[in-house]
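Student: I'm new to this one. Could you take me through a single part of it, the open sheet, and show me how its strands sit together?

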Amino acid sequence: QVQLAESGGGLVQPGGSLRLSCAASSPTFSRWHMAWFRQAPGKERDFVAVISTSWTGQRTYYADSVKGRFTISRDNAKNTVYLQMNSLKPEDTAVYYCAADLRTDSSNWPPVRNEIYDYWGQGTTVTVSS
């Protein structure tokens, strides 16, 4: 059973930065596409960013709402994926989830739909407020 554990959430002022981390329990981490989603209160869970496996070049793809502000990266030696969030806005307030796509079907690129993902973390809360 794969376990994903997010960390790094918190309260930050508008314009500030946070870095989220997601540690995976499996040694096959490098073979998965890894993504971040978020769910604001009363809304559906939305795609934020994805990074592909190393052998596919660690391609990245972002939601328009975060492009240019957020950066997804991965460290396969640590089985960890990161989300660097800069220039945060109040509308970025949400619970952030990491997710693992084990099948890495190239026909699904970019994998933005929730149902593509096989495993999810428990979430970490980000609040952007003054």
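Tutor: From the N terminus on, the elements of the protein chain go β-β-β-β-β-β-β-β-β-β-β, which comes to eleven strands and zero helices. Strands here are DSSP runs of E with at least two residues, and helices are runs of H or I with at least four, numbered from the N terminus. Keep in mind that this is a predicted model, where local features need pLDDT of at least 70, side-chain atom pairs count only at pLDDT 80 or more, and totals for chains, interfaces and linings use all residues. Residues are numbered from 1 along each chain as its sequence is written, and side-chain values use heavy atoms, with hydrogens and water left out.

Now for the sheet. Four strands make up an open sheet in the order β1-β3-β8-β7, and the pairing is antiparallel. Two strands count as paired if DSSP finds at least two bridges between them. At the edges you'll find β1 (4–7) and β7 (70–75); each has a single partner strand, so one side of each has no neighbour in the sheet. From one strand to the next, the twist averages 15°, using lines fitted to C-alpha atoms as axes, with angles from 0 to 180 degrees between N-to-C directions.

Look for L4, which stands opposite A24 in β3. As for what holds such partners together, strands of a sheet pair through backbone hydrogen bonds, either parallel or antiparallel.
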